[in-house]
Amino acid sequence: MKFRLNAGQRQGLLGSAMLSLLILLIVGAYSLWGETYQARILYATFVNILVVVGLQVFTGNSNLTGFSHAAFMGIAAYAAAISVTPVAMKAIALPDAPWGLNAFELSPIVSALIAFGITGVLGLLTGLIMARLTGVGVTIVSIAILVIVHSIFLHRTDIFKGNQAFFGIPKIFDLSWITALVILAIFLARLFRESSFGLQLRACADDEVGARAMGIDIYRTRLIGWIISTLFFATAGIAYAFFLGTISARPFYFNYVFLTIAMLILGGLRSVTGAVFGTLLITIGLEVVRWLETGPTLVGVKLPEMLGLSGLLLGVVIVGVMAFLPKGIMGNREIEELFRRKPKA
Amino acid sequence: MDYVIQQALNALSFGAEYALIALGLAIVFSIMGLVNFAHGEVIAFGGYSMVMISTVLTGNPWFLMIGVLVATVLASLTLERVAFRTIRGADLTTGLLTAFGVSIILQNLFLLLGSPRPIPATQFIFLDQTLTIGAIRISSLQIYEAITTVVAIGLLLTFLRKTTLGMAMRAAALDFEMVRLCGVRANRVIAGAFAISGLLAGLAAIFIMARRGSVDPHMGFNPVLTAFVACVIGGFGSLPGAVLGGFLLGITEVAVLVLLPQEYGGLAQAVVFTLVALVLIWRPDGILSPAQEKGDKV
Amino acid sequence: MLQIKSLKVFHGPIEAVHGIDISVREGQCVTLLGPNGAGKTSTLSAITGTVRATGSIRLQDEDIGRLPIEERCKRGIAISPEGRRVFATLSVRDNLIMGGATRRDKASLTDEIEEWFSQFPVLGERREQPAGTLSGGEQQMLAIVRALLSKPRILLLDEPSLGLAPQITARIFRIIKELKAAGTTILLVEQNAGAALEVSDYVYVLNNGLVSRHGDVAEFGDGAVLINELTGVQQ
């Protein structure tokens, strides 16, 4: 075999398998007892896992907080949607699209590859900048990317429909597809974390000067981490478009960025397990809160309608984790390390 | 020519507003290294306090202005006490995310306790009148805004130069621990920074309310995002940098609006942010920030 | 005046000082000598409260070991820290005002600052200049005066000769001598053993976080012994 796995990666395979099992258990539980409307929630959760695991790849290992993932996800979603939607549908959805964008349709695979390619190239171009910046610079430029992409989405309504729905995208993926993608993502992210690149990124996060002195090419390492995480976001974007049938610019902005970052830091951004756990926990929490928001009747008491409760909870989670649990639930640990009897010295 | 003067005034007043908000961010950052994104919600709180005071007490605009300023100062101090004290001394990312978290909490509290829709509060609109001087038509609000900003900066400078607390704040930006070794209470310096920041937010709130005449939960977010950019351009933590960045941004924004064809108006923000990215690639620490050595012995 | 018992100092998980006793009597000048990394600065930091430490630190029979940094300064502890740490962009005068920040008698503070300016004309001439433009020796004077302006009961001096030319070092030690003559209680940390011995009454030698030797300055008459001890090549 061309790729030899190192010891950390072999252990990573075990951990990834355990996480995959968890994912499969959730899917299994759904297929046994779940109701149809929950399929959508489950699908959204899995898309979130793709994004948060992708965040873990760059932000988690390098400890540089990026805010642009929603933008890359949006780019991939629109690219895939525009390519795959049938011409007849686009005549209604995008009547004024320039450059013949509404005059072609491609197979789902080709569309996904195009979306993947476009996002990847943009990831490379932005990565060339990102890799040179440090600390708050990364955050600021990533916010800039987010704002720029969003204003282009809003501005070019002829291509992106802005805040209105771009509809008529064929439904290509189902739950089994996304389950496979999530499991693949978990394995890849874990293998990356334990790879020499992942180790180097984490070393730079701990001590940049020291890592440089050891001969680590920070620039190249960050660039690779950035591009790979962009590809995770692309996958999430494609999966999003291929399931929902309609997309709009609104979800690809700050709210989603905060949601996913809250998931990452709650779980603990240094571990893939943390990313998965954080996503699941916040999703469950938010579902409960969303239900409360509608003003349900609880033990005979009709609760008032409380708009904004879910957002409130999200903020509280972020502030609370930062103040009391800065390393998140998992800290530096991965799932298989939880089952070890005693940590080795 | 008249058109040029008019646009210059526009740039000046945009810039003044950004500078006010950017100063509020920079003064907190310079002392405790916190990018306080919740500053925007302090501004929004100013708007809500206006609604509350005018329904409960009085609609007198002058009284309301004082009320707004008091409310924003108190809000800012409360945030420091409740949210930011626990993360004092934490790294930049932790601070940034906490501030974002606080900002989300406040926005949703406004949503929960107020309304998702804009609530009208028009008491300050009288500030915004169109004056005609010769062939030039300008808004009185722009003039007030520019003057207030200049006065506020002047007062702030005097405070920082002449009072012991002001000196302690300047010193704390350089070496906080040494200031404490001189016997100045850390809480006092930080509370001072937040109080000033709140006051500046209050001024900004008054002008924003005078222009919009209504308050909604998210109204502070975009101005602070822009002010943040202004700080970045000027060099984070540098007070002159924040002012410079604010005015530069005002000029850029107006220039983009004037120079780009009408239909590209929606892209003004995109252009501004592209410029920011370019500035950061050129000078990663901002224009007015001295280059920092990494790995110095601390 | 200052009584330290079984003091341990920690930098994160690392214990830098492993339980030492030090006492300074009123009007004394006590010196901590020792090589790099012996724990001298850590000990001073424990007294000012900027590092985590256990054990007892008593200033005139009050335990100050749990107080925050600011309160210790108000109780009468002032430091001219390692590296001087003057406020570089503040003027010389403002630096001194910061030194007296805890004082309520602002008028007499202003007078005192003027007195210091006449005593050290190099500072007086540059009172409006940013402190960062001063030379190393001038910055050291500034740091010492800044510490004195809080009217401390005990003055801590951390390596005042660090990085200074020999003549300037001599100048600084003359100042220390004058301060002592005026009755100031001083705890001095130095690597320049010869100069330090001249001004001290009592000496502690620190090695690897422990007091390896202490006694009246007279007992340290033989400089060679001390130098051996400092460089760690004894026995």
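Modeller: Chain C has an open sheet of four strands, ordered β2-β1-β4-β5, with antiparallel pairing. Strands here are DSSP runs of E, at least two residues, and helices are runs of H or I, at least four, numbered from the N terminus. Two strands pair if DSSP finds at least two bridges between them.

Biologist: Before we go on, what are the ground rules?

Modeller: This is a predicted model, where local features need pLDDT of at least 70, side-chain atom pairs count only at pLDDT 80 or more, and totals for chains, interfaces and linings use all residues. Residues are numbered from 1 along each chain as its sequence is written, while chains are lettered from A and ligands numbered from 1 in the order in which they are written.

Biologist: Which strands stand at the edges of that sheet?

Modeller: β2 (14–24) and β5 (62–63) of chain C. Each has a single partner strand, so one side of each is left without a neighbour in the sheet.

Biologist: How many bridges join β4(C) to β5(C)?

Modeller: Two, with β4 (residues 52–59) and β5 running antiparallel. One contact to look at: C:Arg58 has C:Asp63 in β5(C) as its bridge partner.

Biologist: What about the sheet of six strands in chain C?

Modeller: That one is open too, in the order β6-β7-β8-β3-β9-β10, with mixed pairing. β6 (77–80) and β10 (210–216) of chain C are its edge strands, pairing on one side only. β3 (residues 29–33) and β9 (residues 202–207) of chain C pair in the parallel sense over four bridges. There, C:Leu33 stands opposite C:Val205.

Biologist: Switching to helices. At what angle do α14(A) and α4(B) pack?

Modeller: About 155 degrees, with the axes 8 Å apart. Axes are lines fitted to C-alpha atoms, for helices over the stretch in contact, and angles run from 0 to 180 degrees between N-to-C directions. The two helices are therefore roughly antiparallel (an angle over 145 degrees).

Biologist: What residue types make up the contact of α14(A) with α4(B)?

Modeller: 16 nonpolar, seven polar and no charged. Ala, Val, Leu, Ile, Met, Phe, Trp, Tyr, Cys and Pro count as nonpolar, Asp, Glu, Lys and Arg as charged, and the others, Gly among them, as polar.

Biologist: Last one. How many residues of chain B are in contact with chain C?

Modeller: 17, against 20 residues of chain C. Contact means C-beta atoms, placed from the backbone, within 7 Å. On the chain B side, α6(B) gives the largest share, six residues. That side divides into ten nonpolar, two polar and five charged.

Technical notes
Two residues are in contact if their C-beta atoms, placed from the backbone, lie within 7 Å. Angles under 35 degrees count as roughly parallel, over 145 as roughly antiparallel, 65 to 115 as roughly perpendicular and the rest as oblique.
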